[in-house]
Amino acid sequence: MSLKYIDEYRDAELARRYADRIASLVTRPWKIMEACGGQTHSIVRCGIDQMLPAGVELIHGPGCPVCVTPMSTIDAAIRLASRPDVILCSFGDMLRVPGSSSDLMTVKAECGDVRICYSPLDALKVAAANPSRQVVFFAVGFETTAPANAMAAFLAKQRGLANFSMLVSQVRVPPALEAILSSETHRIDGFLAPGHVCTIMGFSEYEPLAERYRVPIVVTGFEPGDILQGLAMCIEELEAGRSRVLNQYTRAVQRQGNLAAQAMMGQVFEIAPKVWRGLGTIAHSGLRFAAPYRELDAEQRFDLGAESPEEKSGCISGLILQGLKKPVDCPEFGRGCRPERPLGATMVSSEGACAAYYRYRRPLSAAATEARHE
Amino acid sequence: MCLSVPARLVEVSNSQDALTRVGKASFGGALKEVCLAYVPEAKVGDYVLVHVGFAISIIDEEEARFVFSFLEQAGEAEEPLQ
């Protein structure tokens, strides 16, 4: 079965031609960060980094909402899910993220009522169907997901669903890129900006960053053809000494973004400082409920107890999320830390760099041994 | 997590309220309900990008060829791709 707007961008010949084009452009080493975890997954799965000329290095960025949700928020979700009066609704990929002493999957197995939702609107249906229980939606995500989460809050308030609330961990990409660029240890020459975040937000927010830090930023899609084109556009800018914001993902992204979605986000949420797992607090990098919606804030509705400790020892996910280390640099990678027993969140989500490397980049001998035992 | 998948709109509700406008989208044959609140201009036959049950963008058919035309403009391709 062929899938329109997917298959044509996965064409091997297209990829080869872009790889040739990139090879013909490059005169010096360049380090380019792909900001989004979906792009990281595609790069590692398809071996795009291995198609590039020596000297062009891809640095995997912090763009995985599952990975950067703070441990204290995971612990809060676990405490909520452990309460008999609460149904916790969550996107499926949050369930195995390690908190300080457990994870949601374990709570679910121990009789916590944890339900996996495809859409935040599913959580509203759960709330309507269970008026005697408190239903909390674990609203995690980047700007791509924020309009959907905002809509759930808007409709809950409109419909007077008094038993519905949200545990919000919403993050914004541009302040995180700025935090990376303003660090003295960063080594990034250019960025691929996250295409679906820009579908919502547009890309004008990236223009002052490109200008101030003299880095080209290319809004890029997720298929191999998209990523290779984004790299070719970024390297053209770098080789010409330019640092503009360009748009590779023109089929889905316009400069102003999706105004209807932004309007709903602006009504429900406001910009706030935010803690990122592995990165610390970044100013303006999160969203919290605006005043008229604070009654829906699960952190206000429930007593969620004390703050949690920081990352477990042995995990270098903070350095990986900043692009300072690769998963294979970690002594625990594939040993003490594996997807079924992760030390840090970058090993949990399929968009986390460690999980992508574990799945696609382990030595063939290790993968073969494991396959025989499965 | 920001995964969004292209799907073809095969049905659109007649809701008067833009916020509760929904449609049915075909993901290579599999049908699923999608919220159309954020693509008020979407119509049957359009391809939309769907994320957590919401259409977030209508795919621009002409711009969809940019990945091929870019190579051709760059003078690389002797024969056009596709």
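Domain bounds here come from an automatic or database domain assignment. On that basis, chain A of this predicted model is divided into domain 1 (1–301 + 310–325) and domain 2 (326–369). The centres of the two domains, taken over C-alpha atoms, are separated by 20 Å.

The interface between the domains of chain A was examined next. Contact involves 33 residues of domain 1 of chain A and 24 residues of domain 2 of chain A. The size of an interface is often given as the accessible area lost when the parts come together. Between domain 1 and domain 2 of chain A, the buried area is about 2,200 Å². Carbon and sulfur atoms give 65% of that area. On the domain 1 side, the residues that lose the most area to domain 2 of chain A are His41(A), Val44(A) and Arg96(A). Together they account for 24% of what that side buries.

Between domain 1 and domain 2 of chain A, 2 salt bridges are counted. Elsewhere in the list of ion pairs, Asp49(A) forms a salt bridge with Arg361(A), with the closest N and O atoms 2.9 Å apart. On the domain 1 side, two or more residues each come from α2 (37–46), β2 (56–63), α3 (65–68) and α14 (317–321) of chain A. Helix α2(A) gives the most, with 7 residues. By residue class, the domain 1 side divides into 13 nonpolar, 11 polar and 9 charged.

The interface between the chains follows. Here 39 residues of chain B are in contact with 50 residues of chain A. The area buried between chain B and chain A is about 3,900 Å². Of this, 67% comes from carbon and sulfur atoms. Met1(B), Cys2(B) and Tyr38(B) supply 21% of the area that chain B buries against chain A, more than any other three residues.

Between chain B and chain A the count of salt bridges is 0. Residue pairs in polar contact number 12, with both residues at pLDDT 80 or more. The chain B side draws two or more residues each from β1 (5–12), β3 (30–35), β4 (47–51), β5 (54–58) and α1 (66–73) of chain B. The largest share, 5 residues, comes from α1(B). The chain B side that touches chain A comprises 26 nonpolar, 6 polar and 7 charged residues.

Over all chains, the salt-bridge count comes to 24. One of these pairs Glu223(A) with Arg10(A) at 2.5 Å, N to O. Glu223(A) lies in the loop between β8 (217–220) and α11 (224–239) of chain A, and Arg10(A) in the segment before α1 (12–25) of chain A, so the pair ties together parts 213 residues apart in sequence. Glu223(A) is buried, at 12% relative accessible area. Arg10(A), at 42%, counts as partly exposed.

Arg115(A) and Asp113(A) meet in a salt bridge of 3.0 Å, N to O. Arg115(A) is partly exposed, at 29% relative accessibility. In chain B, the side chains of Lys24(B) and Glu11(B) form a salt bridge at 4.0 Å, N to O. This pair links strand β2 (residues 22–27) of chain B, which holds Lys24(B), with strand β1 of chain B, which holds Glu11(B), 13 residues apart. Lys24(B) is partly exposed, with a relative accessible area of 34%. Glu11(B) is also partly exposed, at 43%. Finally, Glu13(A), Arg16(A), Arg17(A) and Asp20(A) are linked in a network of salt bridges.

Technical notes: Residues are numbered from 1 along each chain as its sequence is written. Chains are lettered from A and ligands numbered from 1 in the order in which they are written. This is a predicted model: local features need pLDDT of at least 70, side-chain atom pairs count only at pLDDT 80 or more; totals for chains, interfaces and linings use all residues. Side-chain values use heavy atoms; hydrogens and water are left out. Contact means heavy atoms within 4.5 Å. Buried area is the accessible area (1.4 Å probe) that two parts lose on being put together, summed over both. Helices (H or I, at least four residues) and strands (E, at least two) are DSSP runs, numbered from the N terminus. Ala, Val, Leu, Ile, Met, Phe, Trp, Tyr, Cys and Pro count as nonpolar, Asp, Glu, Lys and Arg as charged, and the others, Gly among them, as polar. A polar contact is a pair of N or O atoms within 3.5 Å; within protein, one must be able to donate a hydrogen and the other to accept it, and residues adjacent in sequence count only if both atoms are side-chain atoms. Buried means under 20% relative accessible area, exposed over 50%, partly exposed in between (1.4 Å probe, protein chains only).
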